[in-house]
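Here is a short report on helix packing, charged pairs and the nonpolar core. Please read it alongside the sequence and the structure.

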Amino acid sequence: MHNEQPNINYIRQLSGGDIEFEEKMLSILQQELPEEIKIYLNTLEINNLHQTAEIVHKIKHKISILGLEKSYEYTIQYEKELLDGNRGGHEDFLRILNKMSEFLTK
């Protein structure tokens, strides 16, 4: 999981070579992810783990779009843990979010 790097291979597959589509997808990710990270951190801080799991579920799709397959699998498990009242996976999930954020701000 930790060696994975975000990429736009999946977005390229979807686009069929349409550069405008690729740019639009990346733009949406760049706009939505920072806001979703804020919501994630806020819901975790107030210990609303059900709502935290909901935002993790939304972010999970962005993880998949950016080609982070192992991180996606991890996030499925983390989402379940949150619903069970366990927030122990936060540090690893935060590393995934940071990796995605760095990639999208390049």
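Predicted model: local features only at pLDDT ≥ 70, side-chain atom pairs only at ≥ 80, totals over all residues.

A residue is called buried when its relative accessible area is under 20%, exposed when over 50%, and partly exposed in between, with a 1.4 Å probe and protein chains only.

Residues are numbered from 1 along each chain as its sequence is written, and side-chain values use heavy atoms, with hydrogens and water left out.

Thr75 sits in helix α4. Helices (H or I, at least four residues) and strands (E, at least two) are DSSP runs, numbered from the N terminus. Contact means heavy atoms within 4.5 Å. Not counting residues up to four places away in sequence, Thr75 touches Val56, Lys60, Ile63, Phe93 and Ile96.

How do α3 and α4 cross? Their axes come within 9 Å and cross at roughly 170°. That makes α3 roughly antiparallel to α4. The residues making this contact include Val56, Lys60 and Ile63 of α3 and Thr75, Tyr78 and Glu79 of α4. By class, the contact has nine nonpolar, six polar and two charged residues. Here Ala, Val, Leu, Ile, Met, Phe, Trp, Tyr, Cys and Pro count as nonpolar, Asp, Glu, Lys and Arg as charged, and the others, Gly among them, as polar. Axes are lines fitted to C-alpha atoms, for helices over the stretch in contact, and angles run from 0 to 180 degrees between N-to-C directions. Angles under 35 degrees count as roughly parallel, over 145 as roughly antiparallel, 65 to 115 as roughly perpendicular and the rest as oblique.

**Salt bridges**

A salt bridge is a side-chain nitrogen of Lys or Arg within 4 Å of a carboxyl oxygen of Asp or Glu. The count by this rule is five. Three of them are tabulated.

| Pair | Closest N and O atoms |
|---|---|
| Glu32 and Lys62 | 2.8 Å |
| Glu79 and Lys60 | 2.9 Å |
| Lys38 and Glu35 | 4.0 Å |

Glu79 forms its salt bridge with Lys60. This pair links distant parts of the chain, Glu79 in helix α4 (residues 69-83) and Lys60 in helix α3, 19 residues apart. Both Glu79 and Lys60 are buried. Salt bridges with shared partners join Glu32, Glu36 and Lys62 into one network.

Glu32 pairs with Lys62. Glu32 lies in helix α2 (residues 19-45) and Lys62 in helix α3 (residues 49-65), so the pair ties together parts that are 30 residues apart in sequence. Glu32 is partly exposed at 35% relative accessibility, whereas Lys62 is buried at 8%.

Lys38 and Glu35 are three residues apart in helix α2, separated by about one helical turn. Lys38 is exposed at 51% relative accessibility. Glu35 is partly exposed at 42%.

**The nonpolar core**

A nonpolar core is a set of buried Ala, Val, Leu, Ile, Met, Phe, Trp, Tyr and Cys residues joined through side-chain atoms within 4.5 Å. The largest one has 26 residues, and Tyr40, Ile59, Tyr78 and Phe93 have the most contacts inside it. Helices α2, α3, α4 and α5 (90-104) each supply at least two of its residues. Leaving aside neighbours within four places in sequence, Ile59 contacts Leu33, Glu36, Ile37, Tyr40, Phe93 and Leu97.
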